Amino acid sequence: MKRYVVPPLGGFSRAGSLWTSRLKAVLHTLAYVFLFCGVANAEFRFPMPEFASGYEHPAVHTPIPSNAMVGWDVAVLIAALALASFLVLKRRKRREIFLLTMFSMIYFGFVRNGCVCSVGSVQNVMAGICDPAYGVPLTVLIFFAAPLIFALLFGRVFCAAVCPLGAIQEAVAIKPVKVPPAVEKVLSVFPYIYLGLAMLSVAMGSGFLICQYDPFVGVFRMGASFSMLIFGGIMLVLGIFVARPYCRFLCPYGVLLNWCSKLSRRHAVITPTDCIQCGLCADSCPYNAINEPTPAEAPEARSKGAWRLGVLILLLPVLTALGFGVGGLLKEPLSRLHPTVQLAERIAGEELGRYEGTNIESEAFRASDTPNEELYAEAVELKAGYGRGGRWLGAFIGLVIGCKLISVSILRKREGYEPDRGTCYSCGRCFKYCPVKE
Amino acid sequence: MNEFKQRPVLGLIAQSVALVAALLVLVVSVLLIADHVRLLQMDPLNDPTLLELRDQLANTTDGSEAVVEQIRTYDFYARRAFFGNQEQRRAGGALLLVGALVCFAALKLSKHWKPRLPTVGKPDTPSHWEMNNLFRQLMAGTAVFLVALSLFLAFAVQSDLAMVLEQSVEQAEMPAPHVAQASLPVPAEELKSNWPALRGPGGLGVAHFTSAPVSWDVESGDGVLWKSEIPVFGFNSPIVWGNRVFMSGADEEGQEVFCFDADTGEELWLKTIVSTVELPEVSEDTGHAAPTMATDGTRVFAIFASGELAALDLDGNLVWQKNLGVPENPYGMGSSLLSDGQRLFVQYDHEELQKVMAFDCATGKPAWQTARHHISWSTPALIETEAGPQLILNDEENVTAYDPATGKQLWTVTCLGGEVAPSPAFNGKDIVFVANEYAQASALKLNGGTPEILWQYDEYLPEISSPVAGSNLFFISTSAGDMICLDAATGDVKWEQEFDDGFSSSPVLVGDRIYSIDLGGIVYIMEATDEYKEIARIEMGEAVYATPAFMDNRIYIRGEEYLYCIGK
């Protein structure tokens with residue numbers, strides 16, 4: 001994919017025009033309100049000082065990234081996952097799990113700056129699948145696979161105490177309130193949408209969306225772009241009252257962990273032996289991840305439920321097809337994710353006189369002497385790709401909605417209070433509420 | 001071990017620590033915000049003192065070392081202040097983060113020391129079955145929402161790229177020898193010696209002839225050469241070519257073009273323009289035939305509220321006709337036609353689609369079209385500048401100039417607002433004037449690039465009537481009945497005059513006189529000088545909305561019912 005070099009700014013310039021600066025001022029103010037604005041670094045640049053003495057500026061060197069800590073990171077990850085599994089399944093102490101969570105937040109978050117991150121590694125893997133020339137580093141592959149393998153064995157212990165994104169949200173969850181369960185289930189569609197969008201973005205070469213909008217990396221790194229800072233601030237403030245909002249309603253990696261955890265060999269249990277159905281645990285989980293025992297009496301005839309299930313199963317291909325059709329219409333908005341399409345639209349808009357003057361990207365493009373037609377042709381091709389990708393994204397979302405409708409319509413027998421294997425983060429809040437001890 | 005043991009004192013201490021930490025966070029946040037706002041307003045390298053020093057240095061011939069040293073010192077202080085501030089911000093950020101960590105840690109401890117006791121009994125939540133039903137309903141609603149959102153995005157996100165590619169395809173499909181097929185240009189002098197469009201040659205409201213009658217009496221017929229009944233009503237104004245006067249009219253029944261003998265007032269012909277589309281609903285204030293016709297001397301052109309554009313020869317035979325698409329706007333089609341003798345210009349700025357088009361007068365084939373971005377009811381003006389002819393268009397935000405030969409945008413200035421009907425004026429040399437109610441009047445000095453705004457005036461402004469400019473003076477007539485004369489170079493008010501009725505008709509400059517007709521049909525004739533001096537006021541006896549045509553010592557005035565020829 002062609003990239004156009006942005007020319008250097010001359011003089012003491014602010015990046016962007018006056019109005020952008022003002023907009024940034026407003027956004028900055030908002031960011032500060034969300035407590036973490038202070039860590040934003042200024043975007044000003046001074047020109048190089050001029051020396052009359054003939055002094056020559058030394059060449060700027062970018063240091064090669066160090067891999068010294070990479071092996072150590074993998075070791076800490078595996079150890080943390082193993083310890084988390086032990087604490088969740090054997091020790092069953094919320095406090096100990098929480099301490100490990102805080103360690104992970106400090107190590108994977110503040111020390112290692114939130115990268116490599118299992119959540120973002122999905123994109124590397126997708127990039128590796130789409131582009132055979134793209135090599136997925138082994139570390140990234142381990143960060144992607146290890147939490148999934150542990151989820152297959154012991155449930156979402158990664159979410160419980162290892163993921164730095166989950167950890168920082170767990171730290172701020174001071175007064176969590178319960179989201180109505182039905183709303184929670186509906187909102188659980190959005191991680192699938194985000195995952196689909198992120199995968200489409202990678203497949204089309206428009207970048208790593210999950211990293212671009214990682215809400216907490218700005219806090220870990222003590223500096224971030226405005227969007228990241230604001231998004232992170234919103235998530236943390238929201239997280240005081242709605243525990244783990246990112247994990248529950250956005251995290252794309254959580255979708256994969258959910259699937260694996262449903263199949264887990266062993267999973268955290270609320271009651272170490274038999275549930276006495278006292279109901280004390282039911283109110284302790286802020287994630288609506290505790291399933292109640294199935295009511296003995298059904299309010300409707302079994303045949304009616306079966307008929308509804310049949311209709312929903314028949315509806316599944318219809319929803320998928322509808323999503324496929326509607327997704328195809330999203331060619332234009334989806335393609336705006338791609339910088340080349342954005343640039344082509346900008347250049348075309350300038351040709352039509354829709355903008356006054358140029359912006360920094362269009363200026364760089366015009367300076368490159370590349371014919372507009374070449375850029376337009378590339379953008380048209382990309383748009384066609386987004387049209388196809390949009391169809392599959394729509395079909396995926398239709399399928400997810402259909403499956404969720406079917407899932408909720410299947411009667412499952414439960415004798416006591418049980419954690420939902422897919423959505424339970426194994427945080428251990430419920431352990432101490434259960435009066436039955438081993 | 002009792003995991004629910006209450007330790008109220010420790011809990012209280014933790015809460016107090018959390019409160020103090022929260023206050024610290026708040027104070028640091030406010031300080032950082034204040035600092036950031038201050039920093040945004042700073043522009044050290046464009047500091048007036050530094051710029052002044054640089055000017056001093058530029059003006060010295062010997063490169064004064066003292067000034068250089070001062071600049072160096074100033075530059076050094078600016079850098080030191082900036083980087084010092086950066087350090088402070090970083091420290092503030094770290095303090096903020098530590099404060100937040102302490103606050104959250106203390107709150108967590110407070111929860112630990114004052115844990116929430118288990119709730120005995122089943123929580124008050126919907127039953128398993130109710131919840132599942134609710135979920136299915138909400139999920140269905142979410143699916144509908146997602147589909148609606150997708151459809152909205154699909155239609156709301158428009159592609160400039162697609163428009164550019166479409167235009168290039170259209171241009172590629174145009175026949176190459178198109179220019180050769182175009183009409184032969186009509187000599188400029190011939191256009192000037194007739195009245196080929198609304199407000200005369202170029203649509204500028206300035207008559208080529210310097211004299212016109214100043215006294216007549218409609219009732220007695222003194223000074224009135226003839227008076228003819230208008231067959232179909234329309235708000236458009238008469239145009240004149242040679243010894244023929246052309247107008248159009250339309251209603252729900254049909255669209256007509258008609259021609260009168262300029263010497264006798266005899267109706268020579270009336271041609272019905274059959275609409276190829278259903279006639280749209282239009283505002284009563286605009287009607288179906290508001291746009292004034294135009295002529296290239298060989299053909300006359302008319303456009304109606306239906307978007308039907310027709311060319312007829314001077315004997316009323318249809319030469320070509322096309323529909324440009326039914327205009328969608330709240331009032332109807334208001335923009336009049338204009339021709340440079342070779343091309344016909346159509347300003348088509350409506351709600352969904354805004355563009356300016358040029359057609360070959362002879363064949364009706366598109367010569368070019370250029371996309372625009374705002375709605376308008378204004379009529380283009382064609383001006384002659386040192387750099388060549390420019391087609392000037394007003395819209396609800398901008399004044400924009402185009403090359404009449406290619407449609408290429410030459411410049412645009414944002415200085416208008418509101419619903420724009422008045423057209424631009426020109427001093428004949430280098431100043432374009434625009435004005436509209438709810439915006440301001442602006443004088444734009446042409447300089448080869450984007451014009452400079454010389455002055456602006458925002459007291460009495462036109463709503464429908466277009467302003468007119470002489471070489472030194474600029475005149476505005478308003479819907480409230482005011483007439484204002486401004487100095488063209490400075491915008492200073494020369495005089496203001498209040499009349500009984502408002503103006504829809506545009507004032508016309510004839511020699512050193514201004515002719516303006518109010519809605520009550522009173523013709524005001526005044527001197528075009530920097531002091532108000534009324535020469536005459538003459539009653540037409542009926543309402544007049546149209547702008548009169550001036551030619552060869554005659555005035556053609558379209559009343560509500562009659563067309564008058566004043567003169568001999």
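**Entry 1: two neighbouring helices in chain A**

I started with a pair of helices: H2(A) passes H3(A) in a left-handed crossing. For handedness I used this rule: left-handed if the near helix is turned anticlockwise from the far one by less than a right angle, right-handed if clockwise. Before going on, I noted that this is a predicted model, where local features need pLDDT of at least 70, side-chain atom pairs count only at pLDDT 80 or more, and totals for chains, interfaces and linings use all residues. Residues are numbered from 1 along each chain as its sequence is written, with chains lettered from A and ligands numbered from 1 in the order in which they are written.

H2(A) covers residues 70–91 and H3(A) residues 94–111; they pack at about 165°, axes 10 Å apart. (Helices are DSSP runs of H or I, at least four residues; strands are E runs of at least two; both are numbered from the N terminus.) Axes are lines fitted to C-alpha atoms, for helices over the stretch in contact, and angles run from 0 to 180 degrees between N-to-C directions. So H2(A) and H3(A) are roughly antiparallel to each other, a label for angles over 145 degrees.

Who touches whom? On the H2(A) side I found, among them, A:Val76, A:Leu83 and A:Arg91, and on the H3(A) side residues including A:Glu96 and A:Tyr107. Contact here means C-beta atoms, placed from the backbone, within 7 Å. By class I got 9 nonpolar, 1 polar and 2 charged residues. (Nonpolar is Ala, Val, Leu, Ile, Met, Phe, Trp, Tyr, Cys and Pro; charged is Asp, Glu, Lys and Arg; the others, Gly among them, are polar.)

**Entry 2: another pair in chain A**

Next I checked H15(A), residues 302–328, against H19(A), residues 372–409: the angle is about 160° and the axes are 6 Å apart. That makes H15(A) roughly antiparallel to H19(A). Their crossing is right-handed, and their contact has 16 nonpolar, 10 polar and 2 charged residues.

**Entry 3: where the chains meet**

How many residues does each chain give to the contact? I read off 60 from chain B and 54 from chain A. On the chain B side, H4(B) gives the largest share, 17 residues. That side of chain B divides into 36 nonpolar, 17 polar and 7 charged.

**Entry 4: a look at UniProt**

An unreviewed UniProt entry lists "transmembrane region" for residues 12–34, 91–109 and 138–157 of chain B; such annotations may be inferred rather than shown by experiment. I found residues 12–34 of chain B to be 100% helix, with end C-alpha atoms 33 Å apart. Residues 138–157 of chain B are 95% helix, with ends 28 Å apart.

Technical notes
Two residues are in contact if their C-beta atoms, placed from the backbone, lie within 7 Å. Angles under 35 degrees count as roughly parallel, over 145 as roughly antiparallel, 65 to 115 as roughly perpendicular and the rest as oblique.
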